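Here is a note for a colleague who is opening this structure for the first time. Please keep the sequence and the model in view while going through the points.

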Amino acid sequence: MSAKLADVEWRHVPLRLDGERWATRRVRKRVLAVVHTVTAGQRLLEAVRLLDGDPRVQVVFTAAPDVFSHGVDAFLEETRALVLPWSQAVHTRFDLALAASHGGLHELHAPVIVLPHGAGHNKFVSAPTGRRGPAPVAADRGVYGLSRQRLVRDGVVVPEAIVLSHQEELTRLGQECPEALPVAEVVGDPCFDRITASLPSRALYREALHTGPGQELVLLCSTWGPESLLGQEWELLERLACDLPREEFRIAVLLHPNVWNAHGEWQIRSWFAGLRRAGVSVISQHADWCGPVVACDFLVADHGSVGLYGTMTGARLLAAGSPDVELAPGSPMAELRALAPRLRRDRPLRRQLRRAAAAQRPEHYARIAARITSEPGRFARRMRALIYRKLRLRAPAARLTAEPARLPVTVWHGARDGAAR
């Protein structure tokens, strides 16, 4: 049977997980990967891959309802995984479910492990009450991923395990939702480990982004929403492309998956057409974003997680986007936004970059980087141990190590000599 035909049959024939007679291999455990958004799906793959090589386990994916679910179907298609409709997933028993968001998890018939889908827990969100009227008061808000309104349903903590990246998050969880502390486990951060493993390959990532020996790479990173870099600072993008000498600087843009999925690739290409002609590269939404972070000399970031990971690399960091985003006081992101100088489009940009380079104190950013995880290099080992403990299976003996990021891919790249390739 061809691989293509096999995929069609697995994807489109109605799946009966309780009917063993059609299965070629009888597995002992079934795991459900619950994908709410593309970002959550990318983080889930870090955990699901820890089951590679184990013929005792079958992994099934499902797309959970979410306001940002656009793009999830294409993401799942690319994984070539077995996909179960949500309507069937909530009526099927699994031995374990993995998720990186919270919506609908109480409907599942499985113990659930919830992972963060970014760098820690940094932002306030309002309680999902659905009511109209005045803005929510402080009591209606919580830190996303740690708040009671996300973790508790009908007085019961929904997750079987809550994955944290740093010991200090236990204190913050205890303040937000103390009843969830018994199920919290500090595991580490997979992106931190992958960036660490990628640092020795920096020259390869720079070459993949067409950065010449005499050029410095400026990476602009935008999360989604009107308060993001892209939502607030289009003129800054245009000014950078116009003002920075092409023989000295190369410019690349990294956009959050929600930007691509809310507007569409055609629209992104259309918006960036002029910037492309000016030599600006846009990194593909399907690319591994860790490589560009390792490659850059200057990282211009808003309140998205990528800025926090940039503290690991030695890049000069500058802030952009709205300064009024509500961040959890004392969180790593709040500390970073207070420390990084703001890049102002109404002032000479090259001079601001040079001043930022001269003024940066690496020890300050190293302190923030140390707050991303208290288990550096140990995510794979600790996460695998957690999964197998919940599955009640003996974990494989193979030693796990973080792999370097794949080489970055651009939607297009400008040659920075005025010609787009």
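1. Basis of the note. This is a predicted model, in which local features need pLDDT of at least 70 and side-chain atom pairs count only at pLDDT 80 or more, while totals for chains, interfaces and linings use all residues. Residues are numbered from 1 along each chain as its sequence is written, and side-chain values use heavy atoms, with hydrogens and water left out.

2. A search of the whole structure finds two cavities of 30 Å³ or more, a cavity being a set of points, on a 1 Å grid over the protein atoms alone, where a 1.4 Å probe fits but cannot get out. A volume is the space filled by probe spheres set on the points, which are joined across faces, edges and corners, and for the largest cavity that volume is about 70 Å³. Its lining, made of residues with an atom within 4 Å of a point, consists of L299, A301, D302, G307, L317, L318, A319, L336, R337 and A340. Two or more of these residues come from each of β14 (298-301), β15 (316-319) and α16 (332-339), where helices (H or I, at least four residues) and strands (E, at least two) are DSSP runs numbered from the N terminus. Strand β15 gives the largest share, three residues. By kind, the lining divides into seven nonpolar, one polar and two charged residues; here Ala, Val, Leu, Ile, Met, Phe, Trp, Tyr, Cys and Pro count as nonpolar, Asp, Glu, Lys and Arg as charged, and the others, Gly among them, as polar.

3. The second largest cavity. About 50 Å³ of space lies in this cavity, and among the residues that line it are H121, N122, H166, E168, E169, R172 and R371. Four nonpolar, four polar and four charged residues make up the lining. Helix α6 (residues 168-176) contributes the most, with three residues.

4. As background, an α-helix has 3.6 residues a turn, so residues three or four places apart point the same way.

5. Cysteines. How many disulfides does the structure hold? There are zero disulfides, a disulfide being a pair of cysteine sulfur atoms within 2.5 Å. For C290, the nearest cysteine sulfur is that of C191, 4.9 Å away. C290 counts as buried, at 0% relative accessibility, and C177 is buried with a relative accessible area of 0%.

6. Positive phi. Two residues other than glycine deserve a look here: D154, with phi near 55°, and R392, with phi near 60°. D154 is found in the loop between β7 (152-153) and β8 (156-157) and is exposed at 74% relative accessibility. R392 belongs to the loop between α19 (379-391) and β16 (410-412) and is exposed at 73%.

7. Aromatic pairs. The whole structure has four aromatic pairs, counted when the ring centres of Phe, Tyr and Trp (its six-membered ring) lie within 6.5 Å, with planes under 30 degrees apart called stacked, over 60 edge-to-face and the rest tilted. One of them joins F68 and W224 in a tilted pair, 4.5 Å centre to centre with 55° between the planes. F68 lies in the loop between β2 (57-63) and α3 (72-79) and W224 in the loop between β11 (216-222) and α9 (229-232), so the pair ties together parts that are 156 residues apart in sequence. F68 is partly exposed, at 30% relative accessible area, and W224 is partly exposed, at 37%. F249 and F298 form a tilted pair, 6.4 Å centre to centre with 55° between the planes. F249 lies in strand β12 (residues 249-255) and F298 in strand β14, so this pair ties together parts that are 49 residues apart in sequence, and both F249 and F298 are buried.

8. A contact across the sequence. L244, in the loop between α10 (234-243) and β12, is buried with a relative accessible area of 2%. L244 and L349 are 105 residues apart in sequence, and their C-alpha atoms are 7.3 Å apart in space.

Terms used:
1 Å grid on protein atoms, 1.4 Å probe; cavity = no way out; pocket = protein on both sides within 12 Å on 5 of 7 lines; lining within 4 Å. Buried < 20%, exposed > 50% of the residue type's maximum accessible area, 1.4 Å probe, protein only.
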